[in-house]
Amino acid sequence: MFRGAFTALVTPFKNGQVDYSALEALIESQISRGIDGLVPCGTTGESPTLTEKEHDDVIAFTVKAVKKRVTVIAGTGSNSTDEAIRYTRHAKEVGADAALLACPYYNKPSQRGLIAHYSAVAQAVPMPLVLYNVPGRTGVNLNAETVAELSRNPHIVGVKEASGNLEQMIRIRALCDPDFALISGDDTLTLPILSIGGTAVISVTSHLVPGETSRQVHSYLDGKTDESKELFFKTYDLVKTVMGAEVNPVGIKTALALRGEIAEEYRLPLVAASAESKDAIRKALDKAGLLTPAGRR
């Protein structure tokens, strides 16, 4: 299930509301251009500022639009275990293939607390669950030993690793069974993570280059490492610029708006990119041959 590239979808807004027409167009574009799966309502989807109803509706809409053509991994994490269970149960009910749960943020649980949290979700909602370790946003790190303990639960099938700590990821790979998925959560580290046994990336910049991102992973897994490296470095400057110019998802939403795919709209406390960042993203898109004529104006 977790091989290839999965796009962490933005949530397009227009006049303060979710723009479902733009979301549907993004979904169709991603599938037609070779993505392996989609992840609605993650960090990139601005899940913290979606209402409960919007969160449910975006996941249900994505599942319905995908029509089983690719894998849908629904973002259902929360710093409330009860809320995470509710979101995950809804995702299962509407037909999502798996759920992605970030570590509880702000309340900073201990490792025992993390084990209890994820175990409670797995017991309440028996479906494929992917742990999501992103300590830069949550304030807590999911240790390798904790991942290994959780991996013994048959419903916890993988981890999206965005800690930036390759040594920790190596330990996860060493401690867990081979069929437990190690998934890159950082576009700039996908190649190194593949080299230590990773099998997939949940990507942001695959909004722009879905086919290339998918081929990068599959080429490596198929033993074509030189081809994978070539694809990785071909898109590296684009990835660094889009992801580094502003906090995610401002960079990728700016890029998509410059391409005319979505409106350049966010929910507070996120605000539009600075003029300097926007210009850098425009130049990176142009260099990569991804800028539309309208975006050059």
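Over the ring of which residue does the charged end of Lys160 sit? In this predicted model, the ring belongs to Tyr132, and the charged end of Lys160 lies 4.0 Å from its centre. A charge sits over a ring if NZ of Lys or CZ of Arg is within 6 Å of the ring centre and within 35 degrees of the ring normal.

The model is predicted, and local features need pLDDT of at least 70, side-chain atom pairs count only at pLDDT 80 or more, and totals for chains, interfaces and linings use all residues. Residues are numbered from 1 along each chain as its sequence is written, and side-chain values use heavy atoms, with hydrogens and water left out.

Five aromatic pairs were found in a search of the whole structure. Rings of Phe, Tyr and Trp (its six-membered ring) pair if their centres lie within 6.5 Å; planes under 30 degrees apart count as stacked, over 60 as edge-to-face and the rest as tilted. Phe232 and Phe233 have ring centres 5.1 Å apart and planes at 85°, so this pair is edge-to-face. Phe233 and Tyr236 have ring centres 6.5 Å apart and planes at 50°, so this pair is tilted.

Phe233 and Tyr236 are three residues apart in helix H10 (residues 225–245), so about one helical turn separates them. Helices (H or I, at least four residues) are DSSP runs, numbered from the N terminus.

Phe232 is buried, at 6% relative accessible area. Phe233 is exposed, at 55%. Tyr236 is partly exposed, at 27%. Buried means under 20% relative accessible area, exposed over 50%, and partly exposed in between (1.4 Å probe, protein chains only).

How values were computed. Helices (H or I, at least four residues) and strands (E, at least two) are DSSP runs, numbered from the N terminus.
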